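I opened the notebook to record what I looked up in this structure. The entries follow in the order of my checks.

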There are 2 protein chains.
Amino acid sequence: MPESTHPTTVAGTHPFEAGLERRAANYVPLTPISLLARAAASFGARIAVIDGDRRLTYAQLDARCRRLASALARRGIGRLDTVAILASNIPEMVEAHFGVPMLGAVLNPLNTRLDPATIAFSLRHGGAKVFLVEAIHRELAARALAELPEPPLVVTIGGEGVADAVPYEALLDEGDPAAAWPGPEDEWQSLCLLYTSGTTGDPKGAVYSHRGAYLQALGNAVTFGLSGESVYLWTLPMFHCSGWSYPWACVAAGATQVCLRRVEPAEIFRLIAEHGVTHLCGAPIVLSMIAHAPIHERRAFEQTVRCAVGGAAPSSTIIRTMEELGFRVTHLYGATESYGPATACLAQPDWAELTQTQRYERMARQGVPLATLDAVMVADLETGAPLEKDGTRIGEIRLRGNTIMKGYLGNPSATERTLADGWYATGDLGVWHPDGAVEIKDRAKDIIISGGENISSLEVEEVLLRHPAVMLAAVVARPDETWGETPCAFLEAKPGAALPSTQELTAFCRERMARFKVPKTVVFGPLPKTSTGKIQKFVLRERARELR
Amino acid sequence: MPESTHPTTVAGTHPFEAGLERRAANYVPLTPISLLARAAASFGARIAVIDGDRRLTYAQLDARCRRLASALARRGIGRLDTVAILASNIPEMVEAHFGVPMLGAVLNPLNTRLDPATIAFSLRHGGAKVFLVEAIHRELAARALAELPEPPLVVTIGGEGVADAVPYEALLDEGDPAAAWPGPEDEWQSLCLLYTSGTTGDPKGAVYSHRGAYLQALGNAVTFGLSGESVYLWTLPMFHCSGWSYPWACVAAGATQVCLRRVEPAEIFRLIAEHGVTHLCGAPIVLSMIAHAPIHERRAFEQTVRCAVGGAAPSSTIIRTMEELGFRVTHLYGATESYGPATACLAQPDWAELTQTQRYERMARQGVPLATLDAVMVADLETGAPLEKDGTRIGEIRLRGNTIMKGYLGNPSATERTLADGWYATGDLGVWHPDGAVEIKDRAKDIIISGGENISSLEVEEVLLRHPAVMLAAVVARPDETWGETPCAFLEAKPGAALPSTQELTAFCRERMARFKVPKTVVFGPLPKTSTGKIQKFVLRERARELR
């Protein structure tokens, strides 16, 4: 190119790299905090949060978060200090997701369903300097605090608190509603700490970055269709993966968040009808509750409610009932390690040609990456190489991208094991379909091997759930001298349903699956669940072993 | 915190910074290219691009882009090499927006309405090594190439090309449809080069980064509600700010893009009806064309078409007509320097209480930042400090964030001038309203100062456009011995409308504005426009000076 017109360059510097450096005008660290500042400056009068009769506009939410940040700063809390919170889905939980990171500190939301010892473990391990406690959880908090040699500053939200606690509103009064926030120095800076409720061993603390939370917020908004007209209902606990990053996603879209303290069908239907709720998320149990709500607890509504479900695949019965009630179900898949949803079961062109039953089967897949996740793959269990997309071979589901956690706090070996070889190893086993969707076949430890054949417990459960009397199903391996293992089904019946005989259930299963997959043992009764509503299969495996 | 449970740390390293470094599993440079890879892997059978009878699925689009990238690589094109393209809104234009950055090269889309000398300037200044030319623009390309001492590799798209050119499809045949792409080493790497069509002086080449384009794609998708079910019609030239970053935004959302070679109302209505178009963008002239389309060229459609308009505020007449026809208009504001849209006039809560006329006035504002822009402000013209949000004081509109260009290629002084003090100085003058929306009052040079009073030419134009006979209006300053300047209106009448007398128009204006703002001179006739459809006010200022 002619020298006369081409940009002059410093020796060795390419024209596309000279004089085009990052500067304040064109480079800002990615952080979800900026989304709130933008929302407050752009549509400050819009309702950000609804909680009963209470309303917070975006301007008010922003001011309260700035108060929280500056009040904590005045009490000596700063960059990378940990602020734990034990609360239901209340406005203060949303505020903590912005106010704490505003001062560069790290928010540690705690599961209100855990026992005091585990709460105490998290407070110690995370090094909490402040502990925000909703009054209704004060006993749990007090018992956890009793185990700590050096208790943190305790702040009580709403009502009577633990001894010596500072009331949250008094703390806010110490702050400045217009305080400037430093934000992160670097977008990789730590933002949140989420302890996973593992079935064995100590909990592991997944660490989120400002960059990851910002991108997950946008990814959720794009994938789930959040907009300024959306109304999001908090049926998902906000302490669970920081509410799948929805506190930030809703603010990115300028949506309204509706708080919900207790997940009860009547209240869910009332809020949907009264506030025009358009979106909600939850575990399968939430959908199950909505789908099985007694008629007198239901309310009619005109809008379609988009309903994202994660944790386990929704059964075809649930999907059908939900659609009939005016919901549109999307199955998501993710983990604490992936800021919540990593994949979504998005519609494929060939769904149009499927029967309803076939479509429901497809909808139960874990699906494809959100726009902000780089990739998903199913890895060969021996080599780690991607399997072919044949829909049959089983491997480990792996995820990669900016919305994967930084690692586990103070646990380099677990971090290394989990994030090795360029991928996050989920530990879930699945197949990769030709259309790109992944489908979980089982957790590694949940595979039942009977007579040399692999049996997916999920597959058997899906069939059992189709039986009209069955509400919940869990299938585990029962040791067997002849076959090695056989499938053993633990079932919870629908309220008021007549219990079928084992013979009847066996016949039901034989019509719908290969004979070797049919449960040899069936037990009815309430199923043991974790604090987050997951069925505790390890308890059931124990029970199965002890069955005579 | 107790040492016993707190993570062990290297001396001086904070627990939240130890062992939590970026790694391949959780850090990927942001680039719009990843969005195509994800789309192809996730819903490869979905239609990505429609062009007449032609359809490209996402898998096909991805394969063609990989072919393009690898074929160019085999011909020696690599990181930061420039690939220019002169084409209408055809599939190959979409392909270039992915295929060229795939190999780390820089795409330089050129305006097909420019003259050969300006095209030649861009090719020289940008250092183009490859020049992709759509056959219908071969004469323009040939004349530009004739001015270059060392012509680049010329590739012709569709039909007869310039002498010695390689056919595009033959080039693609040289490539590998499954080639891995290196992508950017760093997300700040340059991605696109867009020359601004300044009214004076040489064009300036705004440089985009992979990071900026990725974020702008997500910001567009969230703000404008793009989803996997969206169908986007290309009424906006793709060479204009890389189509406002919509080639990337549509792929981020998994939407379908419908090509359009010529912007004609009959064709627009046909495509909307036949393909279920849900979104389109364009300059006011596009809306004007749709709104004024003769009845026989219109087609009925059931969906609502979201229509983003930028470049100048849409008049209330246009908005009303568009709404009646089934469109929903959103006014956007941005520049080449901001990857297209930077702000959008989003609905505010108080709009519900406004009359229709008041609402249309509000909708004509430039609005508030997209979610992915950090901030907008109106700066005091003397101090540069933010003005109060009083809706009256006029200052310069400034923008800041990751979706602001890296700078101008080889023009450090212009870069410095434009991106100084932490903000991108747009050169547009406006006010900041209490609700956070900015509103342009004038380009700095378009302010008319008459008798010491500032007159916004836009304000006068808005009134003139309400007159039933007026289709386009441009008001400029005319030198005047008494008043310094007076407003002079150049008007283009609606086809078939009876021209009003100057007296009648003056009376019309006097009823609707302060007397000093009423144009003293009125001239009817076709208005001069730039290649992108902007009215050339500098030509009109010349004419106004020469009026006797």
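**Interface, symmetry and pairs**

I began with polar contacts: across the interface of chain A and chain B, the rule finds 32 residue pairs, with both residues at pLDDT 80 or more. The pLDDT values belong here since this is a predicted model.

I then sorted the residues by class. The side of chain A that touches chain B has 47 nonpolar, 21 polar and 20 charged residues.

Next I looked up salt bridges between the two chains, and the rule finds 10 across this interface. I noted one pair in which the side chains of A:Arg328 and B:Glu229 meet, at 2.8 Å from N to O.

How many residues does the contact take from chain A and from chain B? I found 88 residues from chain A and 88 residues from chain B. The area buried between chain A and chain B came to about 6900 Å². Carbon and sulfur atoms give 57% of that area.

**Symmetry**

I looked up how the chains are related. Two copies of a chain are related by a rotation about an axis and a shift along it. Here a rotation of 180° with 0.0 Å of shift along its axis superposes chain A on chain B, with an RMSD of 0.1 Å. I wrote this down as the relation of a two-fold axis. The same surface serves both copies, as 100% of the contact residues of chain A recur in chain B.

Which residue of chain A comes closest to the rotation axis? I found A:Val222, with its C-alpha at 2.8 Å.

**Salt bridges over all chains**

I widened the search to all chains and the count came to 67 salt bridges. In one of them, A:Lys129 pairs with A:Asp81, and the closest N and O atoms are 3.1 Å apart. I placed A:Lys129 in strand E5 (residues 128-134) of chain A. A:Asp81 sits in the loop between helix H2 (58-74) and strand E3 (82-86) of chain A. The pair links distant parts of the chain, 48 residues apart.

**Aromatic pairs**

I counted 18 aromatic pairs over all chains. B:Tyr208 lies in strand E9 (residues 204-209) of chain B, and B:Tyr339 in the loop between strand E14 (327-335) and strand E15 (340-344) of chain B, so the pair ties together parts that are 131 residues apart in sequence.

Methods. Residues are numbered from 1 along each chain as its sequence is written. Chains are lettered from A and ligands numbered from 1 in the order in which they are written. This is a predicted model: local features need pLDDT of at least 70, side-chain atom pairs count only at pLDDT 80 or more; totals for chains, interfaces and linings use all residues. Side-chain values use heavy atoms; hydrogens and water are left out. Copies are superposed by least squares on the C-alpha atoms of residues with pLDDT of at least 70 in both. Contact means heavy atoms within 4.5 Å. Buried area is the accessible area (1.4 Å probe) that two parts lose on being put together, summed over both. A salt bridge is a side-chain nitrogen of Lys or Arg within 4 Å of a carboxyl oxygen of Asp or Glu. A polar contact is a pair of N or O atoms within 3.5 Å; within protein, one must be able to donate a hydrogen and the other to accept it, and residues adjacent in sequence count only if both atoms are side-chain atoms. Ala, Val, Leu, Ile, Met, Phe, Trp, Tyr, Cys and Pro count as nonpolar, Asp, Glu, Lys and Arg as charged, and the others, Gly among them, as polar. Rings of Phe, Tyr and Trp (its six-membered ring) pair if their centres lie within 6.5 Å; planes under 30 degrees apart count as stacked, over 60 as edge-to-face and the rest as tilted. Helices (H or I, at least four residues) and strands (E, at least two) are DSSP runs, numbered from the N terminus.
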